[in-house]
Amino acid sequence: MLVIWLLAEVPKLRQRRLLDRQQGWETIRALTWQQFEQLVAEAYRRRGYRVELVDRPAGDDGVDVVLRDDRGHWLVQCKHYKARRVGVRPVRELLGVVASEGAVGGIVVTAGSFTPDAQAFARDNAIELVDGPQLADLVQEARESAEEPATAPVEPTPAPAASADDAATAPVCPACGSPMVRRTARRGDHAGSAFWGCSTFPKCRGTRPLADAATSAV
């Protein structure tokens, strides 16, 4: 059993270290295609998805990563293009796979960019496009979410020092509809300021100003 556990956990450890080493778009572009797929998988794992890396031959244009949660599954295709843009063809092909497999949607991730035709097609269909800079932002969010428990613990209930009616006035998350909790910013321009944060963080990063009351929660 220990051997089986190690076989499952060692690749995850490598993926965590791979993500934590990234410093931005340029380091992502320097990865091999295998590392690129592992990075994408780890970034979405830290967003709360159950992730499966699909074992397939190099150069195959099929699905590379499958994301799952309680709502269903998403199909991800990784295009580690450094010098050229992803056109509409792979986006259209992924849509066909999404339909045939009954997936919630599809995601195409690249280290480069997308052509206008690809962007227009994706907007009209259940496909999300993530280009190099957007992936760099996603990786940065994933790194911060891993640090969050040590620096800014999520409180499941309103802070004891808050007023007695906080629970009644807490709004719902504008992004996912979950209850919100009071938090304190630990970094950035608003460090030390209180705000409403989604109780499902890091899966959802929705926020509201602390002034939002029950009237904004209905």
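How many bridges join strand 9 to strand 10, and do the two run parallel or antiparallel? Three bridges join them, and the strands run antiparallel. This model is predicted.

| Strand | Residues |
|---|---|
| Strand 9 | 194-198 |

**The nonpolar cores**

The largest nonpolar core has 26 residues. Among those with the most contacts inside it are F36, V40 and L135. Several elements supply at least two residues each, including helix 1 (2-20), strand 5 and helix 6 (132-151). Helix 3 gives the largest share, six residues. L135 is in contact with I28, F36, V40, V109 and V130, leaving aside its neighbours within four places in sequence. A second, separate core has 16 residues, including V86, V108, F121 and I127.

**A closer look at T110**

T110 is found in strand 5, residues 105-110. Is T110 buried or exposed? T110 counts as buried because its relative accessible area is 0%, and buried means under 20%. A polar atom of the T110 side chain lies 2.7 Å from the backbone oxygen of K79. Leaving aside neighbours within four places in sequence, the contacts of T110 include F36, Y81, V86 and D131.

Note on methods:
Residues numbered from 1 in each chain as written. Predicted model: local features only at pLDDT ≥ 70, side-chain atom pairs only at ≥ 80, totals over all residues. Heavy atoms only, no water. Helix = DSSP H or I, 4+ residues; strand = E, 2+ residues; numbered from the N terminus. Buried < 20%, exposed > 50% of the residue type's maximum accessible area, 1.4 Å probe, protein only. Polar contact = N/O pair within 3.5 Å; in protein donor to acceptor, adjacent residues only side chain to side chain. Contact = heavy atoms within 4.5 Å. Pairing = 2+ DSSP bridges. Core = buried A, V, L, I, M, F, W, Y, C linked by side-chain atoms within 4.5 Å.
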